[in-house]
Amino acid sequence: MTDESQITIPPSFIALYLEPGRTKPHAPRDVITQRYEFCEDLEAMLARHQPLR
């Protein structure tokens with residue numbers, strides 16, 4: 001990932017990578033960004049397959 005990425009990762013997701021009492025995530029930004037994109041893709045796939053009522 002480059003710094004040119006337009007993806008905004010919410011602080012709540014970044015908080016998953018913070019050690020207690022720390023302010024810097026323990027994973028690199030590109031890893032966090034890839035995982036966030038995966039979660040968004042998975043959510044989109046699951047939302048599409050919900051049965052209609």
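Which helix do the buried residues of H2 pack against? They pack against helix H1, residues 11–14, where buried means under 20% relative accessible area and exposed over 50%, with a 1.4 Å probe and protein chains only. Residues are numbered from 1 along each chain as its sequence is written. Keep in mind that this is a predicted model, in which local features need pLDDT of at least 70, side-chain atom pairs count only at pLDDT 80 or more, and totals for chains, interfaces and linings use all residues, while side-chain values use heavy atoms, leaving out hydrogens and water.

Let's start with the overall picture. The protein has 2 helices and 0 strands, taken as DSSP runs (H or I of at least four residues for helices, E of at least two for strands) and numbered from the N terminus. Of its 53 residues, 13% count as buried.

Now follow helix H2, which runs through residues 29–48. Its 20 residues reach 29 Å from first C-alpha to last, close to the 28 Å expected at 1.5 Å a residue, that span being 1.5 Å times one less than the number of residues. Ile32, Thr33 and Tyr36 are buried in H2. They lie on the same side of H2 because they cover an arc of only 100 degrees around the axis, judged by the directions from the helix axis to the C-beta atoms. On the other side of H2, you will find Phe38, Leu46 and Arg48 exposed.

Ile32 and Tyr36 also belong to the largest nonpolar core, together with Ile9, Phe13, Tyr17 and Ala27. Such a core is a set of buried Ala, Val, Leu, Ile, Met, Phe, Trp, Tyr and Cys residues joined through side-chain atoms within 4.5 Å. Leaving aside neighbours within four places in sequence, Tyr17 is in contact (heavy atoms within 4.5 Å) with Lys24, Pro25, His26, Ala27, Ile32 and Arg35.
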